[in-house]
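Please open the model in your viewer and keep the sequence panel beside it. The stops below say what to select next and what is to be found there.

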Amino acid sequence: MHASIDEDLLAIARGAAKAGALILDDSVGAHISVTAKSELGDVVTDVDRRAEQTIRSYLSARRPDDAITGEEYEATGGDASRYRWSIDPLDGTSNFVTGIPYFGSSVAVQDVATGRWIAGVVNAPVLRQEYFAQQGVGAWLLSRGSTVQLTGPDPDAKTVLFGTGFSYSSDMRARQFAELPLYMQNFTDVRSVGSAALGLCMAADGSTSAFVETDLYEFDWAAGALIAEEAGLTVIRPDAHRGGIWAYPDHIPLTIPD
C-alpha cells in the first residue's frame, strides 16, 4: 500500500510539472509581463502565475484533500491534510525573461506527519529534460526519449565543478561571495545556472560535483533536493522555511560555514 501511494504521487507530480512546463514552453518568445518583487533582479511574470494556476488545478483535480504551497499564491488546504505539495512554477525566472534556457517547473510532495519527501520532479522544457525521484527508490533523467538512472558525480572525474547560486539581496550576496573560497578547496571551477532546482539536478546527474545555495525558499529546493538525495548525494536541508541547501557526494569533503 505504501509503495503504491508513493508511485501514484510520483505519477501525479510528473503530470503536474509537465503541465506547468508546457505553459513555459508555449510562452517562450511571446510577449511577457514582468513585475519587480522584493529586490533588484527579483521578478515575476504573468507566465509564473499562469503556470502555477495550471499546476494547482492539475493537483486539485486529482488530490482535492491535499495541501498546496507555492511561490505565487497563498497556501491551500488545512493542517489536517496528509500530504502537502510544494511547487515552483517557474524556477529560473530571470533566465526565462532573458532567453537563457535553464528554467523549469518544480513539483514535490511531502508526507506532513513524518516530514518525508515522497516524490520530486523538475521539468525543464527548453532543455527537453525531466528529472524525477521517488523516496527510497531512486532518481532518473528523461531526456529526448531516453531514461537513465542518476548516480551523482563520477568519483574519478578530473574536472570537479562546484555548483552554486546567489541571492537577490546585496548583503546576502556579499556573504556568499566571502564564503565561496571555503567551498572551493576541493573543486576545480564554479558554475551558476540561475536555477536552484536545476543546479541540484545537475549535481544529481554528475554535470557538477556539488550544489550549495544559502538563501532559498522551500519551493526552490524541495524537488531538486530529493532528486540529488536519491542520486546518492548527501543533502542537508534548511531548518527553517527560508535558508540554505547543501548537496555533495561523500568522496568530496565540503566545508560548511557556521
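**A guided tour, starting at a loop**

Begin by selecting arginine 144, which lies in the loop between β8 (138-143) and β9 (146-149); helices (H or I, at least four residues) and strands (E, at least two) are DSSP runs, numbered from the N terminus. This is a predicted model, in which local features need pLDDT of at least 70 and side-chain atom pairs count only at pLDDT 80 or more, while totals for chains, interfaces and linings use all residues. Residues are numbered from 1 along each chain as its sequence is written, and side-chain values use heavy atoms, with hydrogens and water left out.

Arginine 144 is not a glycine, yet its phi is positive, at about 50 degrees. Most residues other than glycine have a negative phi. With a relative accessible area of 66%, arginine 144 is exposed, where exposed means over 50%, buried under 20% and partly exposed in between (1.4 Å probe, protein chains only).

Next, select arginine 128, in the loop between β6 (117-124) and β7 (129-134). Here too phi is positive in a residue other than glycine, with a value near 55 degrees. Arginine 128 counts as partly exposed, because its relative accessibility is 42%.

Move on to helix α4, residues 170-183, whose 14 residues reach 20 Å from the first C-alpha to the last. That is close to the 20 Å expected at 1.5 Å a residue, the expected span being 1.5 Å times one less than the number of residues. Which residues of α4 are buried? Show the side chains of Gln176, Glu179, Leu180 and Tyr183, which are buried in α4. An α-helix has 3.6 residues a turn, so residues three or four places apart point the same way.

Then select helix α5, residues 196-204, which is mostly covered, with nine of its nine residues buried; among them are Leu198, Leu200, Cys201 and Met202. Just after α5, glycine 206 takes a positive phi of about 85 degrees.

Finally, zoom out to the protein chain, which has six helices and 14 strands. Of its 258 residues, 52% count as buried. The radius of gyration, taken over C-alpha atoms, is 17 Å, which agrees with the value near 18 Å that a compact globule of 258 residues would have by the rule of 2.2 Å times the number of residues to the power 0.38. Along the principal axes, the C-alpha atoms fill a box of roughly 50 × 45 × 40 Å.
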